Amino acid sequence: WLNGADLKGARLIEADLKGAWLFGANLTKAILAGTDLQGAWLYGADLTGAVGLTEAQLSQAFTLHGVKGLDPALEKELRTKKPGLFEKPDYEKFWEARVRISKEAAEKEKEKREGKK
């Protein structure tokens, strides 16, 4: 849970933020190249000046409702392709997605451990 976290200028290159709760997080000038945002809750997050974000990354987020500072061209592309990202989120669907992502992560970790034996 990173609600309201001050991640200004953070280097989150290829970070695993799957399912992260980034409600109102300050990600201004953060470096987010290759960051996994699958199922991330970016509700009200500030992305002003954030670099390395792509349509592919952001389209995997659970919500971009109320996000601030998103690159205008990127926002336009996302609003055209995935308008639901900008709607007020359905909390029940969010929790279902979190459970699914957690299960997938646990399965991958188990496969890694078994592969090393």
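In the predicted model, leucine 58 is in contact with Leu37, Leu42, Leu53, Leu64, Leu70, Leu74, Leu78 and Leu85, when neighbours within four places in sequence are left aside. Leu58 also belongs to the largest nonpolar core, a set of 28 residues. Within this core, the residues with the most contacts are Leu27, Leu42, Leu58 and Leu64. Two of these, Leu42 and Leu64, are also among the contacts of leucine 58 listed above.

Tryptophan 1 is located in the segment before helix H1, which spans 55–58. The relative accessible area of tryptophan 1 is 62%; because exposed residues are those over 50%, tryptophan 1 is classed as exposed.

Backbone geometry was examined next. Most residues other than glycine have a negative phi. Glutamate 14, although not a glycine, has a positive phi of about 55 degrees. This residue, glutamate 14, is placed in the segment before H1 and is exposed, with a relative accessible area of 65%. Lysine 29, likewise a residue other than glycine, has a positive phi, near 60 degrees. Lysine 29 also lies in the segment before H1, and its relative accessible area of 57% makes lysine 29 exposed.

Terms used:
Residues are numbered from 1 along each chain as its sequence is written. This is a predicted model: local features need pLDDT of at least 70, side-chain atom pairs count only at pLDDT 80 or more; totals for chains, interfaces and linings use all residues. Side-chain values use heavy atoms; hydrogens and water are left out. Helices (H or I, at least four residues) and strands (E, at least two) are DSSP runs, numbered from the N terminus. Buried means under 20% relative accessible area, exposed over 50%, partly exposed in between (1.4 Å probe, protein chains only). A nonpolar core is a set of buried Ala, Val, Leu, Ile, Met, Phe, Trp, Tyr and Cys residues joined through side-chain atoms within 4.5 Å. Contact means heavy atoms within 4.5 Å.
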